[in-house]
Amino acid sequence: MTTVIDGKAVAASVIETVKSATKALEAETGVRAGLAVVIVGDDPASHAYVSAKSKMAKECGFLSVQHTLPTETTQEELAALVAELNSDPSIHGILVQLPLPKHLHSESIIQSILPEKDVDGLHVVNAGKVATGDLEGGLVSCTPAGAMVFVRRTHGEDLSGLNAVVIGRSNLFGKPMSALLLAANATVTTAHSRTGDLPAVCRNADILVAAVGRPEMVKANWVKPGAMVIDVGINRVPAPERGEGKTKLVGDVAFDECAEVASVITPVPGGVGPMTIAMLMANTIIAAYRKAGRKPPKF
């Protein structure tokens with residue numbers, strides 16, 4: 001029987017750990033974890049994400065601060081707000097919601113966040129720490145961190161002797177995911193659009209992670225029998241069976257056929273997706289514990 005991972009249930013268990021850690025930190029040190037979320041402009045999808053993040057932060061017991069700025073905000077104004085949050089001792093995590101309006105340069109804003117407050121894990125210092133295996137010192141970007149929770153709960157902490165293949169080499173997901181698997185002693189191949197005979201490379205994987213943004217690209221004959229398959233893709237495709245003009249979300253993995261071969265698989269939606277906000281909360285409490293000189297909880 002194939003195990004289909006319930007991402008919502010795993011995310012809920014991460015949030016429970018965050019809540020109890022938040023209470024414990026406040027009781028022992030008087031420090032309340034603080035998360036500041038900054039959004040610029042009126043993109044509806046971004047606003048939906050931000051309100052979900054702010055709501056979850058409050059639920060976790062954090063000091064939750066939201067800065068909603070108009071579209072015409074200048075680079076200097078946004079940089080000044082980040083500088084203010086950097087120096088605010090009550091804020092342990094800073095998140096600037098992407099994408100920013102076209103006239104703003106997002107990279108310089110992200111890199112201006114203090115690495116120890118960069119709960120999105122996008123600062124080059126945090127990326128470098130992940131790449132060099134310093135997972136105790138950096139903050140790991142949320143989606144690969146969430147995928148690794150699934151891996152650890154299936155295979156344990158030590159992946160010695162297991163082959164992992166990550167399809168995708170983006171800075172946001174593919175590269176940090178490969179680095180995390182490597183840090184856990186897996187033998188890792190990073191595959192991508194230029195990889196020769198991709199199906200054969202994938203068939204070697206005990207852990208196969210797909211993050212390419214191509215709907216249902218990974219077929220059953222790409223999957224090693226008994227492998228763990230993690231699908232990070234989110235693609236909206238036409239769904240005529242639901243009615244004219246209707247669409248549905250699918251991953252990068254052809255779920256139904258791959259579920260016949262894999263031993264463990266994540267669905268889309270409801271797999272990796274819910275973990276992203278949960279790991280943002282986890283990073284915030286980790287940052288607060290480090291600032292207070294305490295050992296952060298494990299996720």
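Tutor: In this predicted model, helices α6 and α10 pack with their axes 8 Å apart and at an angle of about 100 degrees. Because angles from 65 to 115 degrees count as roughly perpendicular, α6 is roughly perpendicular to α10. On the α6 side the contact is made by Cys-142, Thr-143, Ala-145, Gly-146, Val-149 and Phe-150, and on the α10 side by Met-275, Thr-276, Met-279, Leu-280 and Asn-283. Sorted by class, the residues of this contact are 7 nonpolar and 4 polar, with no charged residues.

Helix α6 also packs against α1, which spans residues 7-29, and here the axes are 11 Å apart at an angle of about 95 degrees; α1 and α6 are therefore roughly perpendicular to each other as well. In this second contact Gly-7, Val-10, Ser-13 and Val-14 of α1 meet Val-149, Phe-150 and Arg-153 of α6, and the residues involved divide into 4 nonpolar, 2 polar and 1 charged.

The largest pocket, with a volume of about 1,200 Å³, is lined by 39 residues, of which Tyr-49, Thr-143, Ile-234, Gly-273 and Thr-276 are the closest to its centre. At least two lining residues are supplied by each of α2 (44-59), β4 (93-96), α6 (142-155) and α10 (273-291), and α10 has the largest share, with 5 residues. By class, the lining holds 23 nonpolar, 11 polar and 5 charged residues. Since domain 1 and domain 2 both give residues to this lining, the largest pocket lies between them.

The second largest pocket has a volume of about 630 Å³, and of the 22 residues that line it, Leu-135, Glu-136, Val-140, Arg-152 and Lys-298 are the closest to its centre. Two or more lining residues come from each of α6, α7 (174-183) and α10, with α10 giving the most, 4 residues. This lining divides into 13 nonpolar, 3 polar and 6 charged residues. It too receives residues from both domain 1 and domain 2, so the second largest pocket also lies between them.

Some backbone details in the loops complete the picture. Pro-269, in the loop between β11 (264-265) and α10, is joined to Val-268 by a cis peptide bond with omega of about -5 degrees. Another cis peptide bond, with omega of about 0 degrees, joins Leu-98 and Pro-99, and Pro-99 has its place in the loop between β4 and α4 (106-112). Most peptide bonds are trans, and most residues other than glycine have a negative phi. Asn-185, found in the loop between α7 and β6 (187-191), has a positive phi, near 80 degrees.

Notes: Residues are numbered from 1 along each chain as its sequence is written. This is a predicted model: local features need pLDDT of at least 70, side-chain atom pairs count only at pLDDT 80 or more; totals for chains, interfaces and linings use all residues. Side-chain values use heavy atoms; hydrogens and water are left out. On a 1 Å grid over the protein atoms alone, a cavity is a set of points where a 1.4 Å probe fits but cannot get out, and a pocket is an open set with protein on both sides within 12 Å along at least five of seven lines; lining residues have an atom within 4 Å of a point. Grid points are joined across faces, edges and corners, and a volume is the space filled by probe spheres set on the points. Ala, Val, Leu, Ile, Met, Phe, Trp, Tyr, Cys and Pro count as nonpolar, Asp, Glu, Lys and Arg as charged, and the others, Gly among them, as polar. Domain bounds come from an automatic or database domain assignment. Axes are lines fitted to C-alpha atoms, for helices over the stretch in contact, and angles run from 0 to 180 degrees between N-to-C directions. Angles under 35 degrees count as roughly parallel, over 145 as roughly antiparallel, 65 to 115 as roughly perpendicular and the rest as oblique. Contact means heavy atoms within 4.5 Å.
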